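Hi,

Here is the structure we talked about, with some notes on what turned up in it. Have a look at it first, and then read on.

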Amino acid sequence: QDWEQRQEEDTLLIERILLLVRNVLHVPPDPTEEQQGVDGDASVHDRVLWALHISGMDDLLKFLASAQVEQQWALHVLEIISLMFRDQSPEELAALGQGTAGAEHGEDTRELETLRQRELAEKRARALQRPSRHSRFGGSYVLQGLKSIGDRDVVFHKGLHNV
């Protein structure tokens, strides 16, 4: 519903849901539970994040964060997002997308650079084919034999090809 159509109960329900999500994500990890898992096994926090993703709650959070009319929830959403990235270091997050994408990015950059060089060469070749000077004279012309509003001849201020 649009914010104009929401009742007070709807606003309270939205806030309670956001607080519930925040509180679930705020639960600290249990070290004994984490040690019992197999290496590479997802932690409880990761499983909660996956459940939020499967339910579509992450899309709702993105909508609430980006919608201009939903600014009243911005601090709740910000807190939830910070709790989502709680166990991650900035270095890990930055390196996460750099694995195979780094090599692909380098290849794409080289390909774009060669395309750019080819385009510049074609542009230079087209510039050399054109005459270096052209007439900028638009001119004013008097059309004799065609009378304007008074008894005078028509004065035309554009090129003759438009007459």
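Let me start with helix 4 (residues 57–66), where M57, D58, L61 and L64 are buried. Buried means under 20% relative accessible area, exposed over 50%, and partly exposed in between, with a 1.4 Å probe and protein chains only. Helices are DSSP runs of H or I with at least four residues, numbered from the N terminus. Why do these residues sit on the same side of helix 4? They cover an arc of only 120° around the axis, which places them on that one side; the arc is taken from the directions from the helix axis to the C-beta atoms. An α-helix has 3.6 residues a turn, so residues three or four places apart point the same way. On the other side of helix 4, K62 and S66 are exposed. The buried residues of helix 4 pack against helix 1 (8–26), helix 3 (44–55) and helix 5 (74–84).

A word on confidence: this is a predicted model, in which local features need pLDDT of at least 70 and side-chain atom pairs count only at pLDDT 80 or more, while totals for chains, interfaces and linings use all residues. Residues are numbered from 1 along each chain as its sequence is written, and side-chain values use heavy atoms, without hydrogens and water. The mean pLDDT (the predictor's confidence in each residue, from 0 to 100) is 79 for the protein, and 79% of its residues reach 70 or more. Helix 2 (residues 31–36) has the lowest confidence, at a mean of 66, and helix 5 the highest, at 89.

Now to the largest nonpolar core, which has 13 residues. Such a core is a set of buried Ala, Val, Leu, Ile, Met, Phe, Trp, Tyr and Cys residues joined through side-chain atoms within 4.5 Å. L18, V21, L25, L52, L61, I80 and M84 touch the most other members. Helix 1, helix 3, helix 4 and helix 5 each supply at least two residues of this core, and the largest share, 4 residues, comes from helix 5.

L25 is worth a click. Neighbours within four places in sequence aside, its contacts (heavy atoms within 4.5 Å) are H45, V48, L49, L52, I80, L83, M84 and R86. Of these, H45 lies in helix 3 and is buried, with a relative accessible area of 9%. The H45 side chain reaches the backbone oxygen of L83 at 3.3 Å. L49 is also in helix 3.

Best wishes

Terms used. Polar contact = N/O pair within 3.5 Å; in protein donor to acceptor, adjacent residues only side chain to side chain.
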